[in-house]
Amino acid sequence: MKSKRLKPWWMRRGRYWYYRLARLQGSPEAIARGVAVGVFSGFFPLFGLQTLIGLLLATLVQGNKIAAAAGTWVSNPLTYVPLFAMNYRIGRWLLGGEPMDFSQISGQSLEQLLDMGGDVAGRLFFGCFVMGVMVACGSYSITVRLFYRLRASHHKHRKYYLDD
């Protein structure tokens, strides 16, 4: 008698996530709205609040809340620095202004430091907003297509197994 060969862990994990995605409740549009608002809120440097903001926005746009929470994972400890550096540069480019030179600030000039902090935060948040909108629109269109294909494939396989 032949023993069944176990599949590698990554194949089992991939199959698990495939079935989890295929069974996610809601229409492909609702799931895509959830992903889009999650990605949008994940682009802001509001650590710890990104998921809550994503859930609130998903409620407002009638999107899938689980997909919104997962969409916020676009920012994580591995992507914080490059993501927010890019968003700051885009905000600085769109709003204008010179790059910040931190070497010109003396330790006794608290006003200068606070003024610079406001400029940096304003440019960062504006860049985060612009990039968040752009990436959210892209993630919406990709997710809608993905879920229509995923659901069609899942139903085709279910029909095949049910016909036996």
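Ser 75 sits in the loop between α4 and α5, where helices are DSSP runs of H or I with at least four residues, strands are runs of E with at least two, and both are numbered from the N terminus. At 5% relative accessibility, Ser 75 counts as buried; buried means under 20% relative accessible area, exposed over 50%, and partly exposed in between, with a 1.4 Å probe and protein chains only. Leaving aside neighbours within four places in sequence, Ser 75 is in contact with Gly 42, Gln 50, Tyr 80 and Leu 83, contact meaning heavy atoms within 4.5 Å. Ser 75 and Val 39 are 36 residues apart along the chain, and their C-alpha atoms are separated by 8.4 Å.

The model is predicted, and local features need pLDDT of at least 70, side-chain atom pairs count only at pLDDT 80 or more, while totals for chains, interfaces and linings use all residues. Residues are numbered from 1 along each chain as its sequence is written, and side-chain values use heavy atoms, with hydrogens and water left out.

The protein chain as a whole has six helices and zero strands. Along the sequence the pattern reads α-α-α-α-α-α. The chain has 164 residues, of which 32% count as buried. Of the contacts between residues at least 6 apart in sequence, 76% join residues at least 24 apart. The chain exposes about 11,700 Å², and carbon and sulfur atoms supply 65% of that area. Such areas come from the Shrake-Rupley method with a 1.4 Å probe; for residues, only the protein chains shown count as cover.

Next comes the interior. In soluble globular proteins, nonpolar side chains tend to be buried together. The largest nonpolar core here has 20 residues, a nonpolar core being a set of buried Ala, Val, Leu, Ile, Met, Phe, Trp, Tyr and Cys residues joined through side-chain atoms within 4.5 Å. The residues with the most contacts inside this core are Ile 31, Phe 43, Phe 84, Leu 124, Cys 128 and Phe 147. At least two core residues come from each of α2 (28–42), α5 (80–95) and α6 (110–163). The largest share, six residues, is that of α6.

Which residues does Phe 43 touch, leaving aside its neighbours within four places in sequence? Phe 43 is in contact with Val 74, Leu 83, Phe 84, Asn 87, Cys 128, Met 131, Gly 132 and Val 135.

Ser 41 lies in helix α2. Is Ser 41 buried or exposed? Ser 41 counts as buried because its relative accessibility is 2%. With neighbours within four places in sequence left aside, Ser 41 is in contact with Gln 50, Ile 53, Gly 54 and Thr 72.

Phe 47 is placed in the loop between α2 and α3. Its relative accessible area is 48%, so Phe 47 is partly exposed. Beyond neighbours within four places in sequence, Phe 47 is in contact with Tyr 80 and Phe 84. Phe 47 and Asn 76 are 29 residues apart in sequence, and 9.3 Å lie between their C-alpha atoms.

Two further residues count as exposed. Leu 60, in helix α3, is exposed because its relative accessibility is 62%. Leu 60 is 23 residues from Val 37 in sequence and 9.8 Å from it in space, C-alpha to C-alpha. Gln 62 is found in the loop between α3 (50–60) and α4, and is exposed with a relative accessible area of 62%. Gln 62 is not a glycine, yet has a positive phi of about 55 degrees.

The last topic is empty space. Rolling a probe the size of a water molecule over the atoms shows where such space is left. The largest pocket has a volume of about 370 Å³. On a 1 Å grid over the protein atoms alone, a pocket is an open set of points with protein on both sides within 12 Å along at least five of seven lines, where a 1.4 Å probe fits, and lining residues have an atom within 4 Å of a point. Grid points are joined across faces, edges and corners, and the volume is the space filled by probe spheres set on the points.

The largest pocket is lined by 16 residues, and Trp 17, Leu 21, Leu 24, Ile 66 and Ala 70 lie nearest its centre. Two or more lining residues come from each of α1 (9–22), α2, α4 (65–71) and α6. The most, five residues, come from α4.
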